[in-house]
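When you are ready, we will walk through it together.

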Amino acid sequence: LKTLQSLSLSQNGLIGTIPTELGLLPNLQRLWLAGNSLKGRIPSELGGLENLQVLHLEGNALRGSMPSEICANYDGGIAQPLTIVGADCSSLSGATVNCACCTCCSMEECEV
């Protein structure tokens with residue numbers, strides 16, 4: 001899995017929390033976990049993915065703040081690779097992520 005670049009698990013009925021081990025995939029560039037039933041906090045370990053360009057987490061039951069380690073990798077693609085960060089930052093379901101670096105804030109807005 002060390003060479004894995006893209007992981008799409010959106011709309012798969014996943015439950016539980018986001019595994020911190022995803023932060024150990026050094027070449028991961030795109031991660032789609034949208035539209036599942038994931039809960040809890042977003043692991044700061046995802047901020048260690050230096051090649052991550054796209055992160056879609058919207059449509060889950062995640063709470064808390066987007067880790068600063070992830071936001072540190074976002075600057076609109078100017079010098080950092082991360083250009084898309086999606087989460088439920090204004091969800092009607094009550095699952096809300098405080099996200100200063102999100103580029104989209106719902107399943108509809110992010111159009112996964």
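Predicted model: local features only at pLDDT ≥ 70, side-chain atom pairs only at ≥ 80, totals over all residues.

Let us visit some of them one by one.

Start with C89 and C105, whose sulfur atoms lie 1.8 Å apart in a disulfide. This pair ties together distant parts of the chain, 16 residues apart. You will find C89 in the loop between strand 8 (84-86) and strand 9 (97-98), while C105 sits in the loop between strand 9 and helix 2 (107-110). Why is this disulfide called left-handed? The torsion about the S-S bond of C89 and C105 is about -100°, and therefore the link is left-handed.

Next, find C99 and C102. A disulfide joins these two cysteines, with 2.0 Å from S to S. The angle about the S-S bond is 100° here, and the link of C99 and C102 is right-handed. As for accessibility, C99 has a relative accessible area of 13% and is buried. C102, at 17% relative accessibility, also counts as buried.

Now move to C104 and C110, which are joined by a disulfide with an S to S distance of 2.1 Å. The torsion about this S-S bond is about 110°, so the disulfide of C104 and C110 is right-handed. Both C104 and C110 are buried.

How are the bonded cysteines of the protein chain paired when you number them in sequence order? The pattern reads 1-4, 2-7, 3-5, 6-8.

In general, strands of a sheet pair through backbone hydrogen bonds, in either a parallel or an antiparallel way. In this model, three strands make an open sheet in the order 2-4-6, and their pairing is parallel. Which strands are at the edges? They are strand 2 (15-16) and strand 6 (61-62), each of which pairs on one side only. Strand 4 (residues 37-40) runs parallel to strand 6, and two bridges join them. To see this pairing for yourself, look for K39, which stands opposite A61 in strand 6.

Methods:
Residues numbered from 1 in each chain as written. Heavy atoms only, no water. Disulfide = S-S within 2.5 Å. Helix = DSSP H or I, 4+ residues; strand = E, 2+ residues; numbered from the N terminus. Buried < 20%, exposed > 50% of the residue type's maximum accessible area, 1.4 Å probe, protein only. Pairing = 2+ DSSP bridges.
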